[in-house]
Amino acid sequence: MPDIQINPVIAPYALDVQGVSAGYNGKLAIEDVSFSVAKGKRVALIGPNGAGKSTLFRAIVGLLPLRTGEICIEGEQSAAAREQAAYVPQTEDVDWSFPVSVLDVVVMGLARRVGWLRLPGRQHRELARVALDRVGMADYARRQIGELSGGQKRRVFIARALAQGAHILLLDEPFTGVDHPSQHTLFGILDDLQAEGVTALVATHDLNTVARHFDELLVLNRRAIAYGTPDQVFRPEILAPAFGGQIAIWNADQQLIMLTDQCCP
Amino acid sequence: MTQVCAEGTVLFEWLCRPFSYAFMQRAALMALMLGIVAGVVGAFVVVRGMAFFADALSHAVVPGVAVAYLSGGVHGPLALGAMLAGVGAALLIGFFTRGGRIREDTAIGIVLTASVALGLAILSAARKGSGGLEELLLGNILGIQDGDLRLLLVVGGLLLVTVRLFYKELVITSFDPVLGSTLRYPVEGFRYLLLIMLAATAVLAIQFVGAILITAMLVTPAATAYLLTKRMSRLMLVSAAICAGSSVFGLWIAYHLRLPTSAAIVLTMTALFILAYLFAPGRGIVWNTIHARSAHAD
């Protein structure tokens, strides 16, 4: 810890997870997970199906009580600090036929600012438009939410997270059902947000994009198996035990071949 | 109205005569108020996929009304009995399904049928004949008292105020309960609030259309509005307008065709739903077919 001794006012981690266990109905889905993310980093969360990726996200935003451990956001542990983190759910967890417009969805992120018993006003819609503009979706404000493509739906939910005032985005499988150009757009938006100091944690099955587009990786399989840069993490001795039967690794003529089964996320 | 409906003209006989009777005026007033309330509450029923739940609650009020009926005939505390039974059933269904122990549709099926059976058993054990039961299940606009209208005005008004006050929270917890939780809203609390509002609406409607057809007032106009609108606020307004409009129209046509009023009202609502299903801009199947064909021709 020499760094801290030399400079005690070093900026706190954007997200600091220490010894966290959580689960449903008495069963733990994640156990003793610890990792720390610096502000503005883009971290991929990878692991086999049922590794507890969504559980970890839910624990971070306070949807699940922690059985053990603690989570600090920008150095604070309070419930108010948790609001700095926003969860962007998987596509299949949202009812896209619900009668709300794109702008309505983003305004929902401002609900606490609007306050109890009140309806959103012009200033809230204006803030929502600003958030939509940040993800390049301002032109779609009046569309019904189900009329958008997969990538556009993602961007709207990111806009909602920004409207919430979140500095930490937790994106659950944002690339599922999203075509390549839209993926590219999403990464562009994440680049812009990173430059503004937004930290992003992205759960994904797409290991190809992980290697190219992320600063750091967290390998999760009930426990945190590894945390580091892609070079540090993409090693057979780390991935093989983490993915179990879902990955096969060959070492043929200096060339490492990894096969993964991405079925059924 | 006075000019158009000058007494003695053909138009008067056809259009206004039905509403010149005191009982029809009371029924029309009830149709309007009830239509607005059921249309608004029904909007949430439809977007949350709670139609089966609504059906269960409207049947669940039967044993409560039966007990109240026995304690004092038509002047018994019918509304109180219905309210208690309805809220009790809502809580019971919520209790059975808590923690995913039993699937919701299973719990609903059990509570729904048990309620009607219990009402049936209570009424026949008391040997009061089937008159009371028939009224319960099918409604009876002839029995509407001024007190019923006052109750509707107060409870219905309360329901509308509740929707207005918690509109934002109700929509958020319906659309995205996960966001609701992260905003630290009592998501389960709002679900129970909706169930209680549903039970209250069922109680108000039981005299008008009867327990069997209450679901139609809650579901059919809102489903029609769902096909015609893209935003929740608009959906609620259109649903209320359709529900109130078809209730009054159903009343009127029932008078002319000598149909049971509840049947005429529900069939009117169903006809509007079918029209919307076929012709709704952008969604109706006929509209889509024609549009696809003309796009193909281009």
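What follows is a set of questions and answers about a predicted model.

Guide: In this predicted model, local features need pLDDT of at least 70 and side-chain atom pairs count only at pLDDT 80 or more, while totals for chains, interfaces and linings use all residues. Residues are numbered from 1 along each chain as its sequence is written, and chains are lettered from A and ligands numbered from 1 in the order in which they are written.

Visitor: Why are α3(B) and α10(B) called oblique to each other?

Guide: The axes of α3 (residues 51-72) and α10 (residues 187-209) of chain B cross at roughly 60° and come within 9 Å. Axes are lines fitted to C-alpha atoms, for helices over the stretch in contact, and angles run from 0 to 180 degrees between N-to-C directions. Angles under 35 degrees count as roughly parallel, over 145 as roughly antiparallel, 65 to 115 as roughly perpendicular and the rest as oblique. α3(B) and α10(B) are therefore oblique.

Visitor: Which residues make the contact between α3(B) and α10(B)?

Guide: From α3(B) come A54(B), L57(B), S58(B), V61(B) and V65(B); from α10(B) come L198(B), A199(B), A202(B), V203(B) and I206(B). Two residues are in contact if their C-beta atoms, placed from the backbone, lie within 7 Å.

Visitor: How many residues of each class does the contact of α3(B) with α10(B) have?

Guide: The contact has nine nonpolar, one polar and no charged residues. Ala, Val, Leu, Ile, Met, Phe, Trp, Tyr, Cys and Pro count as nonpolar, Asp, Glu, Lys and Arg as charged, and the others, Gly among them, as polar.

Visitor: What makes A200(B) count as buried?

Guide: A residue is buried if 20 or more other C-beta atoms lie within 10 Å of its own, exposed if 12 or fewer, and partly exposed in between, with C-beta atoms placed from the backbone. A200(B) has 25 C-beta neighbours inside 10 Å and so counts as buried. A200(B) is found in helix α10 of chain B and touches M83(B), V155(B) and L159(B), not counting residues up to four places away in sequence.

Visitor: Is D32(A) buried, exposed or partly exposed, and why?

Guide: D32(A) has 15 other C-beta atoms within 10 Å, so D32(A) is partly exposed. D32(A) is found in strand β2 (residues 27-37) of chain A. Its phi is near 50°, a positive value in a residue other than glycine. Most residues other than glycine have a negative phi.

Visitor: Why is L117(A) put in its exposure class?

Guide: L117(A) has 11 other C-beta atoms within 10 Å and is therefore exposed. L117(A) is found in the loop between α5 (111-114) and α6 (122-134) of chain A, and L117(A) has a positive phi of about 65° although it is not a glycine.

Visitor: What makes β5 and β9 of chain A edge strands?

Guide: The open sheet of six strands has the order β5-β6-β7-β3-β8-β9 (chain A), with mixed pairing. β5 (85-88) and β9 (223-228) of chain A each pair on one side only. Two strands pair if DSSP finds at least two bridges between them.

Visitor: How many bridges join β5(A) to β6(A)?

Guide: Four bridges join β5(A) to β6 (residues 168-172) of chain A, and the two strands run parallel. In β6(A), I168(A) is the bridge partner of A85(A).

Visitor: Which helix packs on the sheet, touching β5 and β6 of chain A?

Guide: Helix α7 (residues 150-163) of chain A does, and its direction makes about 160° with that of β5(A).
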